[in-house]
Structures are given as C-alpha cells and as structure tokens.
Amino acid sequence: MGTEVEIGFLSLLPVVVALAVAFALKDAVLSLLFGCIVGVVLAGYDPITGLAHLLRTSLGNDDFIWVMLIELSVGMLIAFYIRVGAMQAFTAWALQKVRSPRAATGFAWILGGCVFFSDYFSPLFSGPITRPLTDRHKVSREMLAYILDSGSAPICTLIPISGWAVYIAALLQGYGPVDTAEQGMTVFIQSIPYNIYGWLTVIMAGLIAFRIFPNFGPMRKAERRAQTTGKVLRDGATPLTGIEFDMIPPSDRGAPSLVLFFLVPNLMIVCISLGTFWFTGSTMVLEAFLAAILYMAIAMAVGKHFSSVKDGMSVALSGMKAVLPAVLILAAAYCINSISKSLGAPQFVLSTVGPWMTTSLLPLVTFGTAAVISFFTGTSWGTYAIMTPFVMPLSLSLSGDLVSDSVLLTIGALTGGALFGDHCSPISDTTSLASFGAGADHMDHVTTQLPYALLTATIAGAAYLLLGDYLIAAI
C-alpha cells in the first residue's frame, strides 16, 4: 500500500484467507475482499480506512486502468457483434467445419497458440470467438477457460516474440557476461528448452483438448455435467459475463457480411497488436480494440444496424455492463496483490527457502520459490523482478561466471516457476481474463484447472531435481 512492513508468515494470511473463503463459498469477489480486510488490519489500519486507502492506491494506477479499459472495450465489441448478428453468423458457419466437442476444444487450443504475442490479448480474442462453438458442442466453460489460460502466458514464455521475452531479457542484463539487452535475449532464448513447466502446460492442454489425455478431478465432473445435461455452467455459477449480452436485440437488417463485420475487425485487432509489437516492442492491445470498435460503429451506422445514435450508445453500454463482474474480480485481485506485497510476502518466502539454495538443489528451489511467490502475489513479472537479482549471481558463481547449462536451467526454472502462479492463482489477472474470455465462473475455473497445474508443476519439479544433480555433477 504505500509503505512496506514485514510480519513473517502472517504476510501470507490475506491470500490464505481469500483462498479458504473462495473454495468454501465459491464467491471470488467476496473472498478477495475478506483477504483484503485481513491484510489492511495486519498492516495496522482499521478495516474501513484501510480498505479505502488500499482501493485508492491499488486501483489508481496505469496498469489497472489499462486492463480495465481493455475489458470494457471487449465488452463493447462483443455487444456490436451480437447486435449486427456476426457472432451468430460465424457460429453457423463454423459449425459446418467444427462438428465435434474434440474439434471445438482443439480449435480453441490452436487459436490460442496462434496469438502468442500477448497473454492479455489471447484469452480476450480467442474466448468470444470459440465460446459459441464449445457451447453448441456441450463443452463446459471450465474446460474452455483452462484451454484459454494454458494458451496465453505459457505460450508467451516459449516464443521469444512477446513482451515477456523482452522483459525477462532486460532483467538478465548486467549479470556475468550478459552486458546488453541483446545478449540477455540470446540467453533467454537458450533457456527456453529448460522452461519445463511452460512446455508441459501447453502440451498437456493440447492433449486434453484433443481428447488424447483423459480428464480427471473436478474438470472430469464439469465435462460430464456439460455432456449429459447440456449445462456448460454449473447451477448457481456466476460467469464473468453478465446477462446484458443476452438482452441485446438483434438487428433487423438481415444476415450480415462475415467479412465486413467479423473478419475485418478481428484482423484489425491482430494486425495492430502484432504490428505495434514488431515495430515498437510494445503491444498496443487497447489501441487495437478501440480501432476495431470505431470501425464497427461506423460500419454499423452506415449499414443502419442502429436505429439512432441513442440506440448505438445503448448497445455499447450494455456491453460494458456485461463485463462488470470481470472488472470487479480484477479490481479485487489487484488489491490483494498489493497488500500481500506490502506485508512482505515475497521477502518472507525468499528468506524461508534461502538456506535450501544449495548447488544441486538450486534449479528445484528456484522453481518452487518462484511458484509460491507468484501464486501468493498473482504476478509473474513481479516474481521475476524479485527473484532474478537473487538467483542469477548465485547460479553464475557456481558456473565460474559463465552462462553454462546449469545457469540456463536455473533461468528456465525461474521462468516456469513464476509462470505457475500467473497461470493458476485466483488473484492473477490473466487467470481472471481467461475466466472472462470463456464466460466461466472464476472459482470454478480455478478449482478445475489447479489439479492440472499441480500435476505439471510436480513433474517439472522432479525434472529440475534430476537435471540439477546431473548438470552439477558434470561441472
């Protein structure tokens, strides 16, 4: 919140309380607010004053405003698609090509893999496109959210054409022989094969999407419910899209042109996002959606799909109202993320595992520590910033100040470990965006995805233990 305090293991209490309430009540917003209140009390504030201060400091920043505006923009664009009939027309066309649940989930996995340059953009783009298909084929929203989540941040850590690669490469600069950002990028690319959690997550999602690997745990129950009853959401679920989308009256202008009202705006979004990253190194996702909204508004006005300016504004507002559940989740996640860091949660985890940072255990402990920090703070990038100054000097000192295989293994472990929390933590922004893109209940997404994430993390941890022993023995 403004100043930082360190209270040891109690710094983890806000997230622990939030998780306990969330799993018990299945209400993400309420549970996160409980966690925030616990956090501000631990920070020495009374609940009312402390919560007000936390809201002001956590949400009055560029990062939250940027993501919130993207979500509102997505809501408006979907509302325009529904009004003009583009979503319905695309679904009717795609159902001729995608004729089974396996093909629907496989298509979602492939589409997510193609949008590799932004973890925010991927679920927001792929979700609304694939959701009508998966709904028609009785695929649970939980399954779609898992596929979207596994195709966003994990993909970004495996393909060096992303903001993640640029960020991590910049953090590596200045350690040992890594003198420039370009050298940092080279080292990061060399470490990609060692990002075992990232590879396993993407591969496992693909195997499950194409029905090669069987579902298990809560996801199996969700899929059985959807296939046998047709309910893509459980009874009592609160999807992160409101009923306002269902209340938008369709246009009476007949079947729309899929090229003009679906293909063109989507191509605009992809081309602007990818083009701005290619030329500037920064993905202008918000600008891409705003450009598509402006195009749709003009095209629909010319095609007389709005009866008046007031009617057009009403459709846009309906779209923004429909995404408010997702905005509330995001706001609460930002708040508990902020208070956890202010209480010193990352520093407590680091100090606890510090004695375990031995030569052969370094990759495993790096992976586990990064996973815990990212899960309890909901941020990969923050974890990278905290962990890199700690593990890079240590790994380089063990390799004679050379970027050896053991150093690359440690970087891969850090990349994958920090990814773990971003991928499955209920307070992660990208986890929330996957729930929103799929139109799933947020806690249902978390509870069904978590067993898969824990399985891949366990396998990755075992691999780091074995590789750590092998590479250190070879030095």
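1. Helix 12 makes the greatest contribution to the nonpolar patch, with 3 residues. The patch comprises Trp 199, Ile 203, Leu 207, Ile 212, Phe 213, Leu 455 and Ile 459, and together these have about 600 Å² of accessible area. Two elements give two or more residues to it, namely helix 12 (196–209) and helix 23 (442–474). Patches are built from residues with over 30% relative accessible area and no salt bridge, like charges being joined within 9 Å and nonpolar side chains (Val, Leu, Ile, Met, Phe, Trp, Tyr) within 5 Å. Areas follow the Shrake-Rupley method with a 1.4 Å probe, and for residues only the protein chains shown count as cover. Helices (H or I, at least four residues) and strands (E, at least two) are DSSP runs numbered from the N terminus.

2. Basis of the model. This is a predicted model, in which local features need pLDDT of at least 70 and side-chain atom pairs count only at pLDDT 80 or more, while totals for chains, interfaces and linings use all residues. Residues are numbered from 1 along each chain as its sequence is written, and side-chain values use heavy atoms, with hydrogens and water left out.

3. Leu 207 counts as partly exposed because its relative accessibility is 31%; buried means under 20% relative accessible area, exposed over 50%, and partly exposed in between (1.4 Å probe, protein chains only).

4. Cavities. There are 4 cavities of 30 Å³ or more, and the largest cavity holds about 90 Å³ of space. On a 1 Å grid over the protein atoms alone, a cavity is a set of points where a 1.4 Å probe fits but cannot get out; a pocket is an open set with protein on both sides within 12 Å along at least five of seven lines; lining residues have an atom within 4 Å of a point. Grid points are joined across faces, edges and corners, and a volume is the space filled by probe spheres set on the points.

5. Lining of the largest cavity. Which helices each supply at least two residues of this lining? They are helix 4 (62–84), helix 7 (121–136) and helix 14 (258–280). The lining residues include Tyr 81, Phe 125, Asn 266 and Phe 289. By class, the lining has 10 nonpolar residues, 1 polar and no charged. Here Ala, Val, Leu, Ile, Met, Phe, Trp, Tyr, Cys and Pro count as nonpolar, Asp, Glu, Lys and Arg as charged, and the others, Gly among them, as polar.

6. Second largest pocket. Its volume is about 520 Å³. Among the 18 lining residues, Ile 82, Arg 131, Asp 135, Arg 141 and Asp 246 are the closest to the centre. Helix 4, helix 5 (86–94) and helix 7 each contribute at least two residues to the lining, and helix 7 provides the largest share, 5 residues. The lining divides into 9 nonpolar, 4 polar and 5 charged residues.

7. Arg 141 and Asp 135 are joined by a salt bridge, 2.8 Å from N to O. A salt bridge is a side-chain nitrogen of Lys or Arg within 4 Å of a carboxyl oxygen of Asp or Glu. Arg 141 is buried, at 12% relative accessible area, whereas Asp 135 is partly exposed, at 24%.

8. Other salt bridges. The structure holds 7 salt bridges. In one of them, the closest N and O atoms of Arg 83 and Asp 311 are 2.7 Å apart. Arg 83 belongs to helix 4 and Asp 311 to helix 16 (residues 309–322), so this pair ties together parts that are 228 residues apart in sequence. Both Arg 83 and Asp 311 are buried.

9. Glu 223 and Arg 211. These side chains form a salt bridge with an N to O distance of 3.5 Å. Glu 223 is in helix 13 (residues 218–229) and Arg 211 in the loop between helix 12 and helix 13, 12 residues apart. Glu 223 is buried, at 6% relative accessibility, while Arg 211 is partly exposed, at 34%.

10. Contacts along the chain. Asp 27 is in the loop between helix 1 (13–25) and helix 2 (28–42). The C-alpha atoms of Asp 27 and Ile 329 are separated by 9.9 Å, although the two residues are 302 residues apart along the chain. Thr 369, in helix 19 (residues 362–377), is buried at 3% relative accessibility.
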